[in-house]
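My notebook is open and the viewer is loaded. Here is what I looked up, entry by entry.

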Amino acid sequence: MEGKIVKGIAGFYYVHVAGDSTYECKAKGIFRNQKIKPSVGDNVQITVLDEAEKTGNIERILPRKNIMIRPAVVNVDQALVIFAAADPRPNFNLLDRFLIMMQYQNVPAAICFNKTDLADMRELNEFAEVYRACGYRIVRTSAGERQGLEELKDVLAHKTSAVAGPSGVGKSSLINCLQNEVQMETGEISRKIARGRHTTRHSQIIPVCGDTYITDTPGFSTLDLFGIEKEELKHFYPEFAEYEPYCRFGGCSHIGEPDCGIKEALARGKISKMRYENYRLFYEELKQAKKY
Ligand SMILES: Nc1nc2c(ncn2[C@@H]2O[C@H](COP(=O)(O)OP(=O)(O)O)[C@@H](O)[C@H]2O)c(=O)[nH]1
Ligand SMILES: [Mg+2]
Ligand SMILES: [Zn+2]
(Lines give C-alpha, C1' and ligand atoms only; values in the text may rest on other atoms or scores of the structure.)
(Ligands and ions follow the chains in the order given, each with its own letter.)
Protein backbone atom coordinates (compact mmCIF):
# COMPACT_ATOMS: atom_id res chain seq x y z
CA MET A 1 0.00 0.00 0.00
CA GLU A 2 1.10 3.57 -0.59
CA GLY A 3 0.57 6.44 1.77
CA LYS A 4 1.99 9.65 3.16
CA ILE A 5 3.71 10.14 6.50
CA VAL A 6 1.57 12.69 8.28
CA LYS A 7 3.22 12.61 11.69
CA GLY A 8 6.26 11.16 13.39
CA ILE A 9 6.51 10.73 17.15
CA ALA A 10 9.06 8.73 19.13
CA GLY A 11 9.99 6.23 16.43
CA PHE A 12 6.43 5.77 15.16
CA TYR A 13 5.30 7.11 11.81
CA TYR A 14 1.66 7.71 11.06
CA VAL A 15 0.97 6.88 7.43
CA HIS A 16 -2.22 8.20 5.85
CA VAL A 17 -3.55 6.06 3.03
CA ALA A 18 -5.93 8.14 0.90
CA GLY A 19 -9.50 6.85 1.00
CA ASP A 20 -8.57 4.39 3.73
CA SER A 21 -7.14 5.28 7.10
CA THR A 22 -4.00 5.97 9.07
CA TYR A 23 -1.54 3.23 10.00
CA GLU A 24 0.90 3.39 12.87
CA CYS A 25 4.15 2.21 11.38
CA LYS A 26 7.69 1.39 12.33
CA ALA A 27 10.46 1.88 9.82
CA LYS A 28 12.47 -1.27 10.34
CA GLY A 29 15.25 -1.69 7.82
CA ILE A 30 14.63 1.59 6.02
CA PHE A 31 17.74 3.36 7.14
CA ARG A 32 19.86 0.31 6.32
CA ASN A 33 18.29 -0.04 2.86
CA GLN A 34 17.95 3.58 1.77
CA LYS A 35 20.27 5.49 4.11
CA ILE A 36 17.61 8.11 4.82
CA LYS A 37 15.41 8.78 7.77
CA PRO A 38 11.67 8.97 7.07
CA SER A 39 10.26 12.48 7.30
CA VAL A 40 6.83 14.06 7.56
CA GLY A 41 5.60 14.43 3.99
CA ASP A 42 7.30 11.32 2.65
CA ASN A 43 5.31 9.16 0.29
CA VAL A 44 5.97 5.59 1.34
CA GLN A 45 5.11 1.97 0.65
CA ILE A 46 3.96 0.04 3.68
CA THR A 47 3.06 -3.51 4.54
CA VAL A 48 0.20 -3.93 6.97
CA LEU A 49 1.09 -5.95 10.04
CA ASP A 50 -2.32 -5.93 11.67
CA GLU A 51 -5.36 -4.61 9.79
CA ALA A 52 -7.57 -4.41 12.88
CA GLU A 53 -4.95 -2.58 14.91
CA LYS A 54 -3.92 -0.48 11.90
CA THR A 55 -0.22 -1.12 12.30
CA GLY A 56 2.38 -1.58 9.62
CA ASN A 57 5.97 -1.27 8.55
CA ILE A 58 7.42 1.24 6.11
CA GLU A 59 9.17 -0.70 3.34
CA ARG A 60 10.25 2.04 1.00
CA ILE A 61 10.47 5.81 0.84
CA LEU A 62 9.51 7.05 -2.62
CA PRO A 63 11.72 9.69 -4.27
CA ARG A 64 11.43 13.12 -2.69
CA LYS A 65 10.42 16.12 -4.72
CA ASN A 66 12.05 18.56 -2.30
CA ILE A 67 13.10 19.02 1.31
CA MET A 68 12.14 22.00 3.41
CA ILE A 69 14.31 22.72 6.39
CA ARG A 70 12.08 25.05 8.30
CA PRO A 71 9.46 23.80 8.78
CA ALA A 72 10.94 20.31 8.30
CA VAL A 73 8.64 18.76 5.72
CA VAL A 74 9.37 17.00 2.43
CA ASN A 75 7.38 16.98 -0.81
CA VAL A 76 5.87 20.39 -0.27
CA ASP A 77 4.16 21.99 -3.28
CA GLN A 78 3.74 25.44 -1.80
CA ALA A 79 4.00 27.48 1.35
CA LEU A 80 1.05 29.29 2.81
CA VAL A 81 2.46 32.17 4.79
CA ILE A 82 -0.16 33.27 7.30
CA PHE A 83 -0.15 36.59 9.10
CA ALA A 84 -2.91 38.29 11.05
CA ALA A 85 -4.31 41.49 9.63
CA ALA A 86 -4.38 42.69 13.24
CA ASP A 87 -3.73 41.29 16.74
CA PRO A 88 -0.83 40.81 16.26
CA ARG A 89 -0.17 43.49 13.64
CA PRO A 90 1.62 42.07 10.62
CA ASN A 91 5.39 42.28 10.83
CA PHE A 92 6.42 42.86 7.22
CA ASN A 93 10.08 42.38 7.95
CA LEU A 94 9.24 38.85 9.06
CA LEU A 95 6.82 38.30 6.18
CA ASP A 96 9.55 39.21 3.71
CA ARG A 97 11.96 36.84 5.47
CA PHE A 98 9.48 34.00 5.07
CA LEU A 99 8.99 34.79 1.39
CA ILE A 100 12.75 34.95 0.78
CA MET A 101 13.41 31.66 2.55
CA MET A 102 10.61 29.92 0.65
CA GLN A 103 11.90 31.17 -2.66
CA TYR A 104 15.43 30.16 -1.65
CA GLN A 105 14.10 26.63 -1.07
CA ASN A 106 12.28 26.74 -4.42
CA VAL A 107 8.88 26.58 -2.79
CA PRO A 108 6.25 28.94 -4.28
CA ALA A 109 4.47 30.99 -1.63
CA ALA A 110 0.94 32.30 -1.23
CA ILE A 111 0.03 34.77 1.52
CA CYS A 112 -2.99 34.61 3.79
CA PHE A 113 -4.03 37.57 5.91
CA ASN A 114 -6.30 36.20 8.65
CA LYS A 115 -8.47 37.99 11.23
CA THR A 116 -10.03 40.30 8.66
CA ASP A 117 -12.82 40.81 11.20
CA LEU A 118 -10.36 42.86 13.27
CA ALA A 119 -8.75 44.66 10.35
CA ASP A 120 -8.87 48.16 8.99
CA MET A 121 -9.80 46.86 5.54
CA ARG A 122 -8.50 49.86 3.64
CA GLU A 123 -5.07 49.50 5.18
CA LEU A 124 -5.12 45.73 4.71
CA ASN A 125 -6.01 46.05 1.04
CA GLU A 126 -3.09 48.42 0.54
CA PHE A 127 -0.66 45.92 2.05
CA ALA A 128 -2.22 43.10 0.07
CA GLU A 129 -1.79 45.11 -3.13
CA VAL A 130 1.95 45.54 -2.45
CA TYR A 131 2.42 41.79 -2.35
CA ARG A 132 -0.02 41.03 -5.15
CA ALA A 133 2.00 43.35 -7.36
CA CYS A 134 5.09 41.25 -6.56
CA GLY A 135 3.29 38.22 -7.95
CA TYR A 136 2.10 36.52 -4.76
CA ARG A 137 -1.38 35.13 -4.53
CA ILE A 138 -3.21 36.72 -1.58
CA VAL A 139 -6.14 35.39 0.41
CA ARG A 140 -7.99 37.30 3.09
CA THR A 141 -9.73 35.19 5.73
CA SER A 142 -11.40 35.27 9.08
CA ALA A 143 -11.28 31.92 10.82
CA GLY A 144 -13.39 33.51 13.54
CA GLU A 145 -16.22 34.45 11.19
CA ARG A 146 -15.54 31.71 8.61
CA GLN A 147 -14.90 34.19 5.82
CA GLY A 148 -12.70 33.60 2.78
CA LEU A 149 -12.51 29.87 3.34
CA GLU A 150 -13.66 28.90 -0.15
CA GLU A 151 -10.92 30.96 -1.71
CA LEU A 152 -8.40 29.51 0.71
CA LYS A 153 -9.51 25.98 -0.27
CA ASP A 154 -9.07 26.96 -3.87
CA VAL A 155 -5.45 28.01 -3.22
CA LEU A 156 -4.77 24.74 -1.42
CA ALA A 157 -6.55 22.34 -3.77
CA HIS A 158 -4.60 19.24 -4.90
CA LYS A 159 -1.42 20.38 -3.20
CA THR A 160 0.58 19.80 -0.04
CA SER A 161 0.97 23.20 1.56
CA ALA A 162 3.30 24.04 4.40
CA VAL A 163 1.90 26.64 6.73
CA ALA A 164 4.32 29.21 8.06
CA GLY A 165 3.80 32.26 10.19
CA PRO A 166 4.22 33.64 13.70
CA SER A 167 2.26 32.37 16.71
CA GLY A 168 -1.18 33.67 17.42
CA VAL A 169 -2.15 34.60 13.88
CA GLY A 170 -4.74 31.83 13.59
CA LYS A 171 -2.88 29.06 11.75
CA SER A 172 -4.44 26.29 13.81
CA SER A 173 -7.86 27.97 13.78
CA LEU A 174 -7.81 28.09 9.98
CA ILE A 175 -6.78 24.45 9.74
CA ASN A 176 -9.69 23.55 11.99
CA CYS A 177 -12.05 25.40 9.64
CA LEU A 178 -10.77 23.43 6.65
CA GLN A 179 -11.44 19.89 7.85
CA ASN A 180 -13.07 17.89 10.64
CA GLU A 181 -10.70 15.00 11.17
CA VAL A 182 -8.03 16.66 13.26
CA GLN A 183 -8.88 19.52 15.57
CA MET A 184 -5.81 21.49 16.57
CA GLU A 185 -5.76 23.29 19.86
CA THR A 186 -5.86 27.03 19.50
CA GLY A 187 -5.17 30.07 21.59
CA GLU A 188 -2.85 31.27 24.27
CA ILE A 189 -4.06 28.97 27.04
CA SER A 190 -3.55 25.73 25.15
CA ARG A 191 -0.06 26.80 24.21
CA LYS A 192 0.79 27.23 27.87
CA ILE A 193 -0.68 23.92 28.94
CA ALA A 194 0.59 22.16 25.82
CA ARG A 195 -0.63 18.74 26.82
CA GLY A 196 -3.28 17.99 24.21
CA ARG A 197 -2.75 15.53 21.42
CA HIS A 198 -2.89 18.17 18.73
CA THR A 199 -0.93 21.04 20.08
CA THR A 200 1.44 22.32 17.47
CA ARG A 201 4.74 21.09 18.86
CA HIS A 202 5.75 18.80 16.02
CA SER A 203 5.24 19.28 12.34
CA GLN A 204 2.34 17.27 11.11
CA ILE A 205 0.38 17.00 7.91
CA ILE A 206 -3.38 17.13 7.97
CA PRO A 207 -5.43 15.62 5.14
CA VAL A 208 -7.94 18.29 4.01
CA CYS A 209 -9.64 16.19 1.35
CA GLY A 210 -8.52 13.88 -1.44
CA ASP A 211 -5.03 14.90 -2.49
CA THR A 212 -5.04 18.14 -0.52
CA TYR A 213 -2.82 18.27 2.53
CA ILE A 214 -1.77 21.03 4.86
CA THR A 215 0.88 21.09 7.56
CA ASP A 216 0.53 22.82 10.85
CA THR A 217 3.85 23.86 12.26
CA PRO A 218 4.86 25.67 15.41
CA GLY A 219 4.90 29.38 14.78
CA PHE A 220 8.16 31.20 14.95
CA SER A 221 8.75 34.89 15.34
CA THR A 222 12.30 35.25 14.11
CA LEU A 223 13.87 33.85 11.00
CA ASP A 224 17.50 33.82 9.98
CA LEU A 225 18.26 34.22 6.31
CA PHE A 226 20.42 31.17 6.69
CA GLY A 227 22.59 30.08 3.79
CA ILE A 228 21.90 33.05 1.50
CA GLU A 229 24.76 35.09 0.01
CA LYS A 230 24.12 38.83 -0.04
CA GLU A 231 24.78 38.82 -3.80
CA GLU A 232 21.91 36.41 -4.44
CA LEU A 233 19.37 38.14 -2.17
CA LYS A 234 18.07 40.24 -5.06
CA HIS A 235 16.98 37.09 -6.91
CA PHE A 236 14.41 36.46 -4.23
CA TYR A 237 12.59 39.72 -5.02
CA PRO A 238 10.35 38.82 -7.96
CA GLU A 239 9.41 42.47 -8.55
CA PHE A 240 13.03 43.44 -9.28
CA ALA A 241 13.31 41.30 -12.42
CA GLU A 242 11.42 43.72 -14.67
CA TYR A 243 13.74 46.63 -13.83
CA GLU A 244 17.13 44.91 -13.61
CA PRO A 245 17.85 45.29 -17.33
CA TYR A 246 18.01 49.07 -16.70
CA CYS A 247 20.89 48.83 -14.21
CA ARG A 248 24.14 50.10 -15.70
CA PHE A 249 26.21 47.39 -14.01
CA GLY A 250 25.58 43.72 -14.53
CA GLY A 251 26.25 42.76 -10.92
CA CYS A 252 24.35 45.75 -9.52
CA SER A 253 23.37 45.22 -5.88
CA HIS A 254 20.78 48.03 -6.15
CA ILE A 255 22.27 49.68 -3.07
CA GLY A 256 24.94 52.24 -3.92
CA GLU A 257 25.51 51.98 -7.66
CA PRO A 258 24.64 54.83 -10.05
CA ASP A 259 22.06 54.34 -12.83
CA CYS A 260 20.23 51.59 -11.00
CA GLY A 261 16.97 50.38 -12.55
CA ILE A 262 15.61 49.30 -9.19
CA LYS A 263 16.23 52.65 -7.52
CA GLU A 264 14.67 54.44 -10.47
CA ALA A 265 11.60 52.21 -10.23
CA LEU A 266 11.52 52.93 -6.51
CA ALA A 267 11.60 56.68 -7.14
CA ARG A 268 8.72 56.33 -9.59
CA GLY A 269 6.72 54.33 -7.03
CA LYS A 270 6.85 51.15 -9.08
CA ILE A 271 8.59 49.23 -6.34
CA SER A 272 7.35 49.32 -2.75
CA LYS A 273 9.44 51.48 -0.43
CA MET A 274 8.76 49.10 2.44
CA ARG A 275 9.95 46.08 0.47
CA TYR A 276 13.07 47.92 -0.70
CA GLU A 277 13.94 49.15 2.80
CA ASN A 278 13.76 45.57 4.06
CA TYR A 279 15.94 44.49 1.16
CA ARG A 280 18.61 46.95 2.29
CA LEU A 281 18.35 45.78 5.89
CA PHE A 282 18.68 42.14 4.88
CA TYR A 283 21.57 42.92 2.57
CA GLU A 284 23.41 44.61 5.43
CA GLU A 285 22.57 41.75 7.78
CA LEU A 286 24.01 39.19 5.36
CA LYS A 287 27.09 41.34 4.87
CA GLN A 288 27.68 41.49 8.63
CA ALA A 289 26.98 37.77 9.11
CA LYS A 290 29.74 36.96 6.64
CA LYS A 291 32.35 38.71 8.78
CA TYR A 292 32.13 36.33 11.72
N1 LIG B 1 -10.90 37.74 15.90
C2 LIG B 1 -10.33 36.65 15.39
N3 LIG B 1 -9.60 35.83 16.19
C4 LIG B 1 -9.02 34.75 15.64
C5 LIG B 1 -9.15 34.44 14.26
N6 LIG B 1 -8.45 33.32 14.02
C7 LIG B 1 -7.91 32.95 15.20
N8 LIG B 1 -8.27 33.79 16.19
C9 LIG B 1 -7.83 33.72 17.61
O10 LIG B 1 -6.45 33.98 17.69
C11 LIG B 1 -5.84 33.19 18.70
C12 LIG B 1 -4.68 32.38 18.13
O13 LIG B 1 -5.19 31.43 17.22
P14 LIG B 1 -4.39 30.10 16.86
O15 LIG B 1 -5.20 29.40 15.81
O16 LIG B 1 -4.05 29.32 18.07
O17 LIG B 1 -3.06 30.72 16.23
P18 LIG B 1 -1.68 29.99 15.83
O19 LIG B 1 -0.74 30.19 16.96
O20 LIG B 1 -1.21 30.72 14.61
O21 LIG B 1 -1.99 28.56 15.55
C22 LIG B 1 -6.95 32.33 19.27
O23 LIG B 1 -7.40 32.95 20.47
C24 LIG B 1 -8.01 32.34 18.20
O25 LIG B 1 -9.30 32.16 18.72
C26 LIG B 1 -9.93 35.33 13.44
O27 LIG B 1 -10.10 35.16 12.23
N28 LIG B 1 -10.48 36.42 14.05
MG1 LIG C 1 -1.10 26.75 16.35
ZN1 LIG D 1 20.55 48.14 -9.72
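Which residues does Cys112 touch, not counting residues up to four places away in sequence? I found Leu80, Ile82, Val139, Thr141 and Leu152; contact here asks for C-beta atoms, placed from the backbone, within 7 Å.

**Ground rules.** I am working on a predicted model, where local features need pLDDT of at least 70, side-chain atom pairs count only at pLDDT 80 or more, and totals for chains, interfaces and linings use all residues. Residues are numbered from 1 along each chain as its sequence is written, while chains are lettered from A and ligands numbered from 1 in the order in which they are written.

**Cores.** I looked next at the largest nonpolar core, which has 52 residues. Val15, Ile58, Ala79, Val81, Ile82 and Cys112 touch the most other members. Domain 1 (2-63) and domain 2 (68-216) each supply at least three residues to this core. Another core lies apart from it, with 10 residues, among them Phe240, Cys252, Cys260 and Tyr279. For my notes, a nonpolar core is a set of buried Ala, Val, Leu, Ile, Met, Phe, Trp, Tyr and Cys residues joined through C-beta atoms within 7 Å. Buried means 20 or more other C-beta atoms within 10 Å of a residue's own, exposed means 12 or fewer, and partly exposed is in between, with C-beta atoms placed from the backbone.

**Domains.** The domain assignment lists domain 1 (2-63), domain 2 (68-216) and domain 3 (230-291); such bounds come from an automatic or database assignment. Taken over C-alpha atoms, the centres of domain 1 and domain 2 are 26 Å apart. I see 11 residues of domain 1 in contact with 14 residues of domain 2. On the domain 1 side, strand E1 (residues 2-9) gives the largest share, 4 residues. Helices (H or I, at least four residues) and strands (E, at least two) are DSSP runs, numbered from the N terminus.

**Ligand 1.** Which residues come nearest to ligand 1? Of the 18 around it, they are Gly144, Gly170, Lys171, Ser172 and Ser173; to count as near, a residue needs its C-beta atom, placed from the backbone, within 6 Å. Helix H5 (residues 171-178) contributes the most to this shell, 3 residues. By class, I noted 3 nonpolar, 12 polar and 3 charged residues in the shell. Ala, Val, Leu, Ile, Met, Phe, Trp, Tyr, Cys and Pro count as nonpolar, Asp, Glu, Lys and Arg as charged, and the others, Gly among them, as polar.

**Helix H2.** I checked the length of H2 (residues 92-104): its 13 residues should span 18 Å at 1.5 Å a residue, and its end C-alpha atoms are 18 Å apart, so the two agree. The expected span is 1.5 Å times one less than the number of residues. Its buried residues are Leu95, Asp96, Phe98, Leu99, Ile100, Met101 and Met102. Just after H2, Asn106 has a positive phi of about 60°.

Most residues other than glycine have a negative phi, and most peptide bonds are trans. Ala10, in the loop between E1 and E2, has a positive phi near 50°. Ala10 counts as exposed because it has 4 C-beta neighbours inside 10 Å. Lys54 also has a positive phi, about 60°, and is partly exposed, with 17 other C-beta atoms within 10 Å. The peptide bond from Asp87 to Pro88 is cis, with omega near 0°.

Conventions. Contact = placed C-beta atoms within 7 Å.
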